[in-house]
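Here's a quick briefing to read alongside the model. Have the sequence open while you go through it.

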Amino acid sequence: MRALPVLRERRRHTMAAATVFLASLAGPAGAEPPADGFRFPPARSDLSASDSRRVEAVTRPATDFSRAERFETMSGGAATSTKLVNHDAFSHPSANLTFREEETFKLGNALFRKLWVSSPSSTQASDGLGPLFNARACQTCHLKDGRGHPPEGSSDATSMFLRLARGPVSAQERAELENFVAPNMPDPVYGGQLQDQAVPGLKAEGRMVIDYAEKPVTLGDGTVVTLRHPRYAVADLAYGPLAPGTTLSPRVANPMIGMGLIQAIHPADIAAGADPKDADGDGISGRVALARGTTRDAPVLGRFGWKAQNASVREQSAEAFAGDIGISTPDVRRSHGDCTEAEAACLGMPTGVQDRLGDTEAPDPVLDLVTFYSENLAVPARRDVDSPQVLRGKQLFYDSGCTACHRPKFVTRRDAANKAQAFQLIWPYSDFLLHDMGDGLADGQPVGVATGREWRTPPLWGIGLTEVVSGHTFFLHDGRARSLSEAILWHGGEAEASRDRFAAMDKADRNALITFLESL
């Protein structure tokens, strides 16, 4: 498919939009925007006037639901995978990569699957695991590059872990938060996440405990749906109790598809949707997340992770190497992973740093290759876009107000670093902003500018293939929802009105909306 020109800022990309964005930086009421040199680009500079008009037209919301929109099948633009739909559907490269880039993709795939081992080891290019860790490979959490799951009926919590965080207790910690040096403060003993595995000779930190309470919800037509309400705790703590203020936030691994395309969305297009004070009165008040990352002097727009705490695929990858596997990279040089000063036995363990290879356990080009692989996992093509049931569900999705947060379309920036992601009309169904999702989904854990009630709108592309790829239908940040219907019924806060419209539908309309989601 021929790549489309990129959309210049829509009419909302004006000085007023810039003002709204700067207000969104303020976070809680009364706070001031960070004085750290960050500057929001008020408009896109990668476009010509003709490009702007053409792409503005193609990204307008749908109004005709009698047929599919042009290019709607190609969710990831020219990068979309049109290969056979099976359990490998999330593991194909962007369809528009060059032959040489395909080789780079395959090398990255091999490293993504690589099993790391503890030090010392005869396989010196593969040692350095942990010493405390959650997984031995990237693929372990992102099995088949898909969605993680809670430990259902077993002790397998590999693709879901507990984030640990507390509030600041000193002026220095408050300054680190205010200047985005850290997204939050780790537990003083157990660090930023609970590590449930350890190398030989060391105790794991503990294990996650989940207790579900089943609660019925009656829909408008009398249908009863049971939602499971989770409660989280930790057991078998090996290094003493958690700090009194430490919060627990469960996180399942996100699907890997389309990340390079998300990265190629111009920040002005994302920021233009922010309305932190709900100036238009529609009940939706998305806020922009900010992230400094590991190599920046000033924060930029965050777009990856459950709370949009990371700005780039490379930063997301480097943090996962260190936090999940305990492997240091040139960007995050923590060779003892998430070990803290209180865990002296962990810090006393050998690392996998080999002087002949570099000063980190995964020196260049390991991170480069894994990043390229992660940026180029293709979004699968849509199915059944012309089906009357899908089209009916699409209209209901729009009419229910779901597109206020799950924005259907963007066109990526003309000057994207990789040509495979440039000039693409994409359909992620997300605005990549932070939204208050209510008490029901609140984890009480601030991350950057995100409060304990806010979450990034997750992209919906590929969601209908979750069972095919990952073998389950668990959704939301902790997999509590066992179906798409349950996931919708958990929506609260800014999404409460849309949830109530879904709950008020008759069964036929609910089924149509779900069928539309399953086509994504």
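What follows covers a helix pair, the cysteines and one isoleucine.

This is a predicted model, where local features need pLDDT of at least 70, side-chain atom pairs count only at pLDDT 80 or more, and totals for chains, interfaces and linings use all residues. Residues are numbered from 1 along each chain as its sequence is written, and side-chain values use heavy atoms, with hydrogens and water left out.

**Helix pair H3 and H10**

- Helix H3 spans residues 99–113 and helix H10 spans residues 366–375; helices here are DSSP runs (H or I, at least four residues), strands are E runs of at least two, and both are numbered from the N terminus.
- The two helices pack at about 105°, with axes 7 Å apart; axes are lines fitted to C-alpha atoms, for helices over the stretch in contact, and angles run from 0 to 180 degrees between N-to-C directions.
- That makes H3 and H10 roughly perpendicular (65 to 115 degrees; under 35 is roughly parallel, over 145 roughly antiparallel, and the rest oblique).
- On the H3 side, the contact (heavy atoms within 4.5 Å) includes Glu101, Phe105 and Phe112, and on the H10 side it includes Val366, Leu369 and Tyr373.
- The residues of this contact split into 9 nonpolar, 4 polar and 1 charged; Ala, Val, Leu, Ile, Met, Phe, Trp, Tyr, Cys and Pro count as nonpolar, Asp, Glu, Lys and Arg as charged, and the others, Gly among them, as polar.

**Cysteines**

- The count comes to 1 disulfide, taken as a pair of cysteine sulfur atoms within 2.5 Å.
- Cysteine 339 and cysteine 346 form that disulfide, with their sulfurs 1.6 Å apart.
- Both partners are buried (under 20% relative accessible area; exposed is over 50%, partly exposed in between, with a 1.4 Å probe and protein chains only): cysteine 339 sits at 14% and cysteine 346 at 1%.
- Cysteine 141 is in no disulfide, as the nearest cysteine sulfur, in cysteine 138, is 8.3 Å away; cysteine 141 is buried too, at 8%.
- Cysteine 405 has its closest cysteine sulfur, that of cysteine 402, 8.9 Å off, too far for a bond, and cysteine 405 also counts as buried, at 11%.

**Isoleucine 426**

- You'll find isoleucine 426 in strand S10 (residues 425–426), buried at 0% relative accessibility.
- Leaving aside residues up to four places away in sequence, isoleucine 426 touches residues including Ser75, Leu261, Ile265, Phe410 and Trp461.
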